[in-house]
Amino acid sequence: MKFIGLSFIFSSLVFASLPARFDLRSVEGNSYVSRVKKQNGGTCWTHATMAALESNLLLTGEWAKHEGSEETDLAEYHLDWWNGFNQHHNPDASGGGLTVHQGGDYRVASAYMARGGAVRNKDAQSYSSAPKQFSDTYHTFYARHIEWLDAGPNLENIDAIKTALMDHGAMGTALHWSNSYYDSSSNSFYQSPSSSRDANHAVAIVGWDDTKKTDAKNPGAWLIKNSWGTSWGDDGYFWISYYDKVAGHHKEMGAVSFQNVERLNYQRIYSHDIHGWRDTKTDTLEAFNAFTSGAVPGSRETLRAVSFYTTEDATEYVVNVYGSFENGELKNLLSSHLGVQERKGFHTVDLDAPISLESGQKFYIEVKLSRGGQAFDRTSNVPVLLGSSSRVTVKSKAAKGESYYRKEGAWVDLNSFNDSANFCIKALTN
């Protein structure tokens with residue numbers, strides 16, 4: 001597949017000289033880190049996610065723009081109750097799934113964010129009982145991009161993580177907590193890569209020090225914001241070695257950057273997938289989803305943006321919006337947008353030409369990728385807790401006529417491949 005008009009040539013990134021030490025709590029006299037909180041239950045992943053979102057909102061000024069001088073504070077337990085993967089709330093199935101307060105990860109968080117976003121602590125923070133999922137009084141914040149990074153086995157990509165920290169704020173990461181890996185005298189943590197233990201606790205990276213000594217052979221460590229209150233560690237902070245098995249290295253939990261977080265600008269997000277990126281169809285680079293406008297009868301809405309996932313770094317993409325699908329072919333091109341995503345993850349892009357849709361109008365969003373394959377949702381097994389060998393089934397559902405992929409020059413309904421699967425392509429309107 002060729003991407004006509006794209007002349008982007010991917011090469012190794014050249015980074016400006018990075019400082020030996022960096023701390024988001026003190027950048028030219030400003031702090032871009034929200035306060036340390038104390039989690040209830042197994043909600044570390046929600047706290048790490050919100051720590052990253054809050055940091056980005058502080059760094060960009062987006063929080064102050066909308067909330068003034070109020071504390072930057074998002075609701076961890078709204079994510080906990082309404083993420084869509086648990087026994088309390090799975091729109092695709094009744095019963096089953098995770099137990100509330102007992103599990104989740106950054107893929108779960110990204111699915112929640114892609115469906116609408118996070119709300120303020122003052123809107124919907126309740127651990128003991130479920131807050132309302134929606135309210136006209138809620139202020140919702142949406143992450144336009146969520147990117148997964150990896151320092152690499154020899155730290156060859158560590159500058160990319162450092163640069164993302166400086167540019168976008170705190171990042172989600174994880175570790176396998178064990179007292180045997182923690183040195184209280186230096187407030188530092190190190191799990192050897194030779195260990196068989198997997199991630200079981202999520203935290204947020206807020207800085208680094210190339211000279212910090214830990215139990216690892218070589219110096220260098222990430223500054224970490226924990227969620228065990230300010231009486232733990234150094235006012236709630238500690239250090240993790242660059243060479244730790246999990247932090248900065250785990251495929252899904254190592255270094256996750258929530259970027260361009262903004263007050264939600266869309267009134268409706270059209271989607272067939274609830275659970276986001278659960279699998280990758282590696283043999284598929286071209287896919288589309290079919291939608292029907294739900295505008296109030298007699299009115300119109302405007303399609304302004306599209307969201308999707310890239311599953312590999314350095315991926316070129318083309319987004320096309322069509323007005324009809326007839327005789328097995330997409331027809332009546334309404335708008336097109338092309339570009340490149342440097343990092344794998346979730347992305348929201350604005351259309352070059354917004355499209356006015358009338359109530360009941362069908363439209364079709366096609367995404368072409370240069371590499372990696374298309375992300376899709378399906379019924380899947382997820383760990384009960386990070387690092388747990390115990391798993392539960394989270395059911396997804398799909399219908400014929402929703403998602404299609406290109407195979408040997410023809411469009412094939414994804415439902416025939418997996419009857420619980422949908423591609424993670426969304427339409428954002430107002």
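Predicted model: local features only at pLDDT ≥ 70, side-chain atom pairs only at ≥ 80, totals over all residues.
**View 1. An open sheet is formed by six strands with antiparallel pairing.** The order of the strands is E16-E15-E18-E13-E22-E23. Helices (H or I, at least four residues) and strands (E, at least two) are DSSP runs, numbered from the N terminus, and two strands pair if DSSP finds at least two bridges between them. Strand E16 (329-341) and strand E23 (410-413) each have a single partner strand, so one side of each edge strand is left without a neighbour in the sheet. From one strand to the next, the twist averages 25°; axes for such angles are lines fitted to C-alpha atoms, for helices over the stretch in contact, and angles run from 0 to 180 degrees between N-to-C directions.

**View 2. Strand E18 (residues 362-369) is largely enclosed by the rest of the structure.** Six of its eight residues are buried, a term that denotes under 20% relative accessible area, with exposed meaning over 50% and partly exposed lying in between (1.4 Å probe, protein chains only). Strand E13 (residues 286-292) pairs with E18 in the antiparallel sense over seven bridges, and Asn 289 has Ile 365 in E18 as its bridge partner. E15 also pairs with E18 in the antiparallel sense, over six bridges; here the partner of Val 319 is Val 367.

**View 3. The largest nonpolar core has 43 residues.** A nonpolar core is a set of buried Ala, Val, Leu, Ile, Met, Phe, Trp, Tyr and Cys residues joined through side-chain atoms within 4.5 Å. Leu 53, Leu 74, Tyr 106 and Ile 146 have the most contacts inside this core. Two or more residues are given to the core by each of helix H1 (44-60), helix H4 (106-115), strand E3 (140-149), strand E10 (255-263) and strand E14 (300-310). Neighbours within four places in sequence aside, Leu 53 is in contact with Leu 74, Met 113, Ala 118, Ala 143, Phe 258 and Val 261, where contact means heavy atoms within 4.5 Å. A second, separate core of 36 residues includes Leu 149, Tyr 182, Phe 189 and Ala 221. In soluble globular proteins, nonpolar side chains tend to be buried together.

**View 4. Helix H1 is mostly covered.** Of its 17 residues, 14 are buried. From its first C-alpha to its last, H1 reaches 25 Å, close to the 24 Å expected at 1.5 Å a residue; the expected span is 1.5 Å times one less than the number of residues.

**View 5. The buried residues of helix H6 (residues 158-168) include Lys 162 and Thr 163.** Ile 158, Ala 160, Ile 161, Ala 164 and Leu 165 are also among them. These buried residues pack against strand E1 (21-23), E3, strand E4 (171-175), strand E7 (201-209), strand E8 (221-225) and E10. Gly 169 follows H6 and has a positive phi, near 95°. In the loop between E3 and H6 lies Leu 155, which has a positive phi of about 60° although it is not a glycine. Leu 155 counts as buried at 14% relative accessibility.

**View 6. Ser 184 lies in the loop between strand E5 (182-183) and strand E6 (188-189).** At 60% relative accessibility, Ser 184 counts as exposed. Although 49 residues separate Ser 184 from Gly 233 in sequence, the two are 7.8 Å apart in space, C-alpha to C-alpha.

**View 7. Three strands form an open sheet in the order E12-E19-E24, with antiparallel pairing.** Strand E12 (279-281) and strand E24 (422-423) stand at the edges. E12 is joined to strand E19 (residues 374-377) by three bridges, and Thr 280 has Ala 375 in E19 as its bridge partner.

Definitions and conventions: Residues numbered from 1 in each chain as written. Heavy atoms only, no water.
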